[in-house]
Amino acid sequence: MPTVTLNKQVVEKSVGKKLPLEILKDRISMLGTALEHIEQDDIVVEVFPNRPDMLSEQGFARALSSFVGVKTGLRKYDVKKSNYKVVVEKAVRGYRPKTSVAVVKDLQLNEEKIGEIMQIQEKLHTTYCRNRKKAAIGFYVLDQLAFPLRYSALPPEKIKFTPLGFEKEMSAVQIIQQHPTCQKYTYLIEKKDKIPVWMDAHKNVMSIPPLINSNNTGKLVSGVNDVFIECSGYDQRVLDKLMNILVTTLADMGGTIYSLELSYEDGEKLVSPNLMLEKMKVDLNYINKRLGLDLKENEIKKCLEQMGYGYEKGFAVIPAYRADILHQADLMEDIAIAYGYEKFQEEIPNVATTARESPFEKFKEKIAQLLVGLHMNEVNTFHLSNRETQEKKMQHSLQIVELANALTEDYNVMRAWLIPHLLEVLKNNKHHEYPQNIFMLGTVFKQNPKTETGVQEDTRLCVMHTHEHVNFTELKQIIDYLMRMLHITYEIKEVEHSSFIPGRVARISCKNIDIAYVGELTPTVIKNFELDMPVACFELNCSELFKLALL
Amino acid sequence: MDEDKLLASLHPLERQVLAVLNKASTPEEIERLTKLSEVEVMRALHWLKNKDLLTIEVKETDVIELDKNGSDALKNGLVEKRFIRTLTKPTKIQDLATTIKIDPAEINVCLGILRAKQAIILDKGIVTRTKQADEFLKNESLEERFLKKLPIQSTMMSDEDKSALESLKKRKQFVKVEAKKARTIQLSDLGKKVAGKKITDNFAERLTSEMLKQNAWKDKTFRRYDVALEVPKIFGGRRHFVNEAMLYIKRIWLDLGFEEMEGNMIQTNFWNLDALFVPQDHPARTMQDTFYLKNPREGTLPKELVKKVKAVHENGGDTGSKGWQYAWNEKVATENVLRTHMTVLSAQTLAKIKKEQLPKKFFSVGRVFRNETLDWSHLFEFHQVDGIVIDPNANFRHLKAYLKIFYQKMGFTDIRLRPAHFPYTEPSVEVDVYDPHHDEWLELGGAGIFRPEVVKPLLGEDIPVLAWGLGLERIISRYYKITDIRDLYRNDLKQIREMKAWML
């Protein structure tokens, strides 16, 4: 989630009230932004992804101002009509086909305001725009442009301009190869034959979204008053919301919003920006029932106004910059926030339900109790492991489930059995008192195409003893004890297993289902785990055993 | 304790030592008199001291011990005596070395001593034995008597001993003087009283089956034990301490009438996120947060549900929501992941139950996975407890109550709910818990009421579902006073054996 640093003075000025520090802190977190800290002039907050409108000083202050009751209700944003026109050519269809445009005048840009604009542009790019994948924002100096503007797509070799921060004209091919900003985003260019391009009436290139602006028209400097803005991408609704967040923020900075005529060559003619207000029905009963409150209509109205909404005869009027209101449930949350989470009185319902513990969990619990009764200590390891431990050190190969994006080679597969994990435990305990008799109940993973995910998960029990005189009998006695306690009869057969000493390993089965190996580990395996004490162990499939115990 | 009881509680070794304490005041003397080993004597003295029967004064003092030639002399006699025994006829000084088999370096010393004792005459280079020689051989010398007493503390020496020491010091490697801790033992008043009693041997150390069979216990008194004595540590078998905590946490929800949910750790993205209405381009889905599987990469999806979930993502389906307004990709949903939260099981439970069975409450406790680098405050595997309450009459105040009860049972006095954001709940809350021991608020989990876009496709109707997912490692490590979270799963046997029991 994005962390933004906001200038406290700018925020306070826009809120229209200076709050004592403790109250300010409390109000910020109860409004629904996670406050990191306030230090001198900086308010550092984490803005949740549902509120991109709060990523700037103005947007943040707007929300806070109505929340603390200074300026509540829907804010009016006037849009003046301009004669500017923008044409979207057919050629851009299939690339980044949609755009939303606006002009904002009277901004009187200075270094501070330009800094704010850069911050909100960058924060919106990384969050709402998903690193420019969903949408990209461009700002231009209005005076430098000759209208009508055209949004099109051209082969990169036919596009020539001076990119931001460079001094000479280059072709788009060179720019894509050489410009540091472009290189971060070239993966977003899906098709290489043509790329989207903005041009003015003199065919001067303004930008190649989502990569880079022209140095001539796309560079904001102090003293600039009027700007043209475009948001280009794929979905008109997403782009319009993004534009609304931008222009309302700029209007709060003192700008005046102007609309343009936006015509798509293949049909639609729009007026952009589109600050049309949407309405949503407010069902008092739904909201009161879910919140456990009994709010009257005027109270609901007050709550909504405190969150920046308008209210008209049973409908909430949603501010044009809110991109997250999908359902009445979203209104309900804002009403709850305005009401105050801290004011809800907890109430435990007197509805009877019957508890049920998982029978398998109970079964595992019983087994653990029996083993604890035999003076063993339970250990608890991670489920992630590596092939070296699972296979190589054990001299045994398995159908291992692998991770695609592990951060380290120590933990890049799912464990297929428990014995290697317990050997690791013993390896780390060589300095402690012997005998060391341990056990673990845990999940193991193996590939099985018949399951939903292609992975079969089983619970296994591993019991491992290590001391000077440990032997096969000691471990077989434990299995035998468990089986007797569970009233399960079993067969035992001599087998070969590469991790165990030949002639000292056996397979246990019940009703022809193999459920366990028991034996003394080979000296090589023991040495592979840097141990110098004999080890005997067994590993038993509890999932199978549970089914047998139920029979 | 009175003296009789004290006497009856003495160990056989203590009794033996106590019996000689009127004649001995150092451990060395006690060893000589009792024939016990040094270790046994020291143990007995230590026990007696603990019972206030004696005092042991430890002083840094010189102890005179036998050296090489000294022990040789003690075994074979003093060298001058051997000299005179061998000297049967007058012998030239220069021939002495060959006739008398002693160290040539000792010859001059012997001549000096023997002349002083008038046992020989030295005349014109010839050594001749006198009559006094026999007398000299017969009598035990001061030096010999002294050597037999060694080792001796310098403070315990008589005047005679002192002059013997002076003369022996002149000789090579006869005695050595070392600074040692010397112990002087003195009976206390209580000790004198106890020692004054008749110390009998009629104490039984141990009741044996033989004694029982033979009725031989009747005339025995059993030695009384010092019950306050420290005993060696033992360790029992135990569950892992994290699991002890987990069992308790399960118990809390069972006590509140919740049913336990179970399910796999490996899940498709569909169950992990799509069914929970998390948009496919949500930041939480990035590769950094989630472990994906390389092999097997994909799973299969429940066909009917896929249609509904697709619709709800794209346009809200029949929920009255606008949806996220994008093209939902089934391929993305088939990818296998390690579950990132236990809420997977809550979604699967909603898909399984029937409306007629409501109200119902469920919980799950289990491992979840996040692709993080291990450090003192981060694990890539940890536990979460999830709960859902599916009840047409459930509301936000109930949610607050369930969370409060849970945390009270975990030992926290107060909770605080803060607005938060999760794509699957409205309202969404962050749960803070007040830790009175550290006077601070801890951020421990998320909760809320499931969105209609989650509930309707899974359950068939938009019924309120209260839901929470709470982290456990932070409170568990606090309880066990563990500061490095990795120590929860370090599996150090000393820690596992000695960790305090879960007492809540």
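B:D414 is partly exposed, at 32% relative accessible area (partly exposed lies between buried, under 20%, and exposed, over 50%, with a 1.4 Å probe and protein chains only). The model is predicted: local features need pLDDT of at least 70, side-chain atom pairs count only at pLDDT 80 or more, and totals for chains, interfaces and linings use all residues. Residues are numbered from 1 along each chain as its sequence is written, chains are lettered from A and ligands numbered from 1 in the order in which they are written, and side-chain values use heavy atoms, with hydrogens and water left out.

The side chain of B:D414 forms a salt bridge with that of B:K404, at 3.8 Å from N to O (a salt bridge is a side-chain nitrogen of Lys or Arg within 4 Å of a carboxyl oxygen of Asp or Glu). This pair links distant parts of the chain, ten residues apart. B:K404 belongs to helix α19 (residues 396–409) of chain B, and B:D414 to strand β15 (residues 414–419) of chain B. Helices (H or I, at least four residues) and strands (E, at least two) are DSSP runs, numbered from the N terminus. B:K404 is buried, at 19% relative accessibility.

Over all chains, 75 salt bridges were found. Side chains of opposite charge can pair when their charged atoms come close. B:E461 and B:K355 pair at 3.2 Å, N to O. B:E461 sits in the loop between α20 (452–459) and β18 (465–471) of chain B, and B:K355 in the loop between α18 (343–352) and β13 (360–369) of chain B, so the bridge ties together parts that are 106 residues apart in sequence. B:E461 is partly exposed, at 36%. B:K355 is partly exposed, at 38%.

In chain A, the side chains of A:K301 and A:E305 also form a salt bridge (3.2 Å, N to O). These residues are four apart in helix α9 (residues 297–306) of chain A, so about one helical turn separates them. A:K301 is partly exposed, at 33% relative accessible area.

No disulfides occur: the count over all chains is zero (a disulfide is a pair of cysteine sulfur atoms within 2.5 Å). The sulfur of A:C462 has its closest cysteine sulfur in A:C537, 5.4 Å away, too far for a bond. A:C462 is buried, at 0% relative accessibility. A:C510 is in no disulfide either; its nearest cysteine sulfur, in A:C542, is 12 Å away. A:C510 is buried, at 1%.

Helix α14 (residues 472–486) of chain A has 15 residues. Buried residues of α14(A) include A:F472, A:E474, A:L475 and A:I478. A:N471 caps the N-terminal end, with a side-chain oxygen 3.3 Å from the backbone nitrogen of A:T473. Just after α14(A), A:H487 adopts a positive phi of about 60°.

B:L301 lies in the loop between β11 (293–295) and α16 (303–315) of chain B. B:L301 is buried, at 16% relative accessibility.

Conventions
The expected span of a helix is 1.5 Å times one less than its number of residues. A polar contact is a pair of N or O atoms within 3.5 Å; within protein, one must be able to donate a hydrogen and the other to accept it, and residues adjacent in sequence count only if both atoms are side-chain atoms.
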